[in-house]
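Subject: Structure handover

Hello,

Here is the structure I promised to pass on. Please open it beside this email and follow along.

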Amino acid sequence: MAAKEDFIQQLRTAFPGLQQKPLEDIVSENLISPFTVQLPTSVLQQAQNIVSLLFSLREKASYQEHYRSLIEEKGLRDPGNKSIMMSYDFHLDENQNLKLIEINTNAAFLALGHQLYAMRGQPLPVPDFSLAEIGDSIRTELRLQAKEPAKDLKVAITDEAPSQQRLYVEFLVYQELFKSFGWDSRILDYRELFQDFQPEFIYNRYTDFFLTEPSSAQLRQKFLNRDVCLSPNPYEYLLLADKQRLIDWVQPGFLESQGFAGDELSQLRQCLPLSYDLCPAQADEIWSLRKKLFFKPKNAFGSKQSYKGSSISRKAFDELLNEGTIAQEYIAAPEQTFETPEGPQSFKFDLRCYAYQGRLQLVIARLYQGQVTNLRTPYGGFATTLFT
């Protein structure tokens, strides 16, 4: 089960510029699962429908007007563009219905996921998706800001200390991909942007989602002035990925007030788990429901400070009350059993569905054992999905 070695070879074959990079040192041992999750095609169709419906919600003038005061409070304005390489992360319930866990504007593994399918020789969930589409999406982003993309476009890939990130290998892949388009592509710490390079487009993986940290001030100003096309960006995060939206969307009458009815309304209601704002006023009520809930921070990422309600202590619960926490209906992760060298093992998984605007692009499963996805489980990690 030499998944890591095979994957590194796939990357070096697809991107010759990576031949001299020490990929063995930067691809973690449990990043790639050797297994494939098999699911019915109805799940894939659900994913496309949900992505399309939620993006249509984001596009509604009434929806953006609903958040006008919040947008102003955050000091934001519509930049015109959207956000590339987002993901919609799901669990599956016992009836094979998708349940939305979160929306992620800074999602990892789209390009790497594409290469994982290529390595396995397996069909893509969305057959006409290719890495060239990422280039098309970036050009679309620029045109949404009334900018004509140059042939030698200057592109920065940014994060905090990029070379220290667990998925630095993906930044290297994107750099090589963008170079293949004829672009000047560089990987830069967000604090080093605009020093010796003036990017026209920034692919943003930095997780100061609203750019409120003092060290983000220059990037924030360039974004607000449209001096640079930033994607993903704070405006898109507010409209779709802030976990407070999951609470808003399940409030009685909210979706109806945005014009949803019939099958579309039913599909959205089915995929959205009940979610609550964990605040002192509702503390006792939510505590009584805790065994059916899952708690996580509204503005964190990577399963940090997340708790299964059935195992949370009252002390930990009370500490979350004023820390911006969402209490979400607990949807147990689905499981599949695979044969490992140590015998059959059961793995939990979630589904990461990548999209640009309303179009589903790729589906990847993340296999794990334990409470949350962790990329530390032997034979776990990112896995292909086969829909039959």
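Asp 242 touches Phe 210, Tyr 237 and Asn 299, leaving out residues up to four places away in sequence. Keep in mind that this is a predicted model. Asp 242 lies in the loop between α10 and α11 (244-249). Is Asp 242 buried or exposed? Its relative accessible area is 8%. Buried means under 20%, so Asp 242 counts as buried. Now find Leu 167, which is 75 residues from Asp 242 along the chain. The C-alpha atoms of the two are separated by 23 Å.

Next, the cavity. How many cavities of 30 Å³ or more are there? The count comes to one. The largest cavity has a volume of about 40 Å³. Its lining includes Tyr 237, one of the residues that Asp 242 touches.

Asn 233 is buried, with a relative accessible area of 3%. Setting aside neighbours within four places in sequence, Asn 233 is in contact with Pro 79, Asn 81, Lys 82, Ser 83 and Phe 223.

Ser 216 also sits in a loop, between β6 (201-204) and α9 (217-224). Ser 216 has 0% relative accessibility, so it counts as buried. Beyond neighbours within four places in sequence, its contacts are Tyr 190, Tyr 206, Asp 208 and Leu 211.

Now the core. In soluble globular proteins, nonpolar side chains tend to be buried together. Here the largest nonpolar core has 118 residues. Those with the most contacts inside it are Tyr 88, Phe 109, Ile 134, Tyr 174 and Trp 249. Leaving out neighbours within four places in sequence, Ile 134 is in contact with Met 85, Leu 110, Phe 129, Tyr 174, Leu 177 and Phe 178. A second, separate core has 12 residues, including Ala 283, Ile 312, Ala 316 and Leu 321.

Last, helix α3 (residues 41-59). Its 19 residues should span 27 Å at 1.5 Å a residue. The end C-alpha atoms are 28 Å apart, which agrees. Several α3 residues are buried, among them Val 43, Leu 44, Gln 46, Ile 50, Phe 55 and Arg 58.

Best wishes

Technical notes. Residues numbered from 1 in each chain as written. Predicted model: local features only at pLDDT ≥ 70, side-chain atom pairs only at ≥ 80, totals over all residues. Heavy atoms only, no water. Core = buried A, V, L, I, M, F, W, Y, C linked by side-chain atoms within 4.5 Å. Buried < 20%, exposed > 50% of the residue type's maximum accessible area, 1.4 Å probe, protein only. Contact = heavy atoms within 4.5 Å. Helix = DSSP H or I, 4+ residues; strand = E, 2+ residues; numbered from the N terminus. 1 Å grid on protein atoms, 1.4 Å probe; cavity = no way out; pocket = protein on both sides within 12 Å on 5 of 7 lines; lining within 4 Å. Points joined across faces, edges and corners; volume = space filled by probe spheres on them. Expected span 1.5 Å × (residues − 1).
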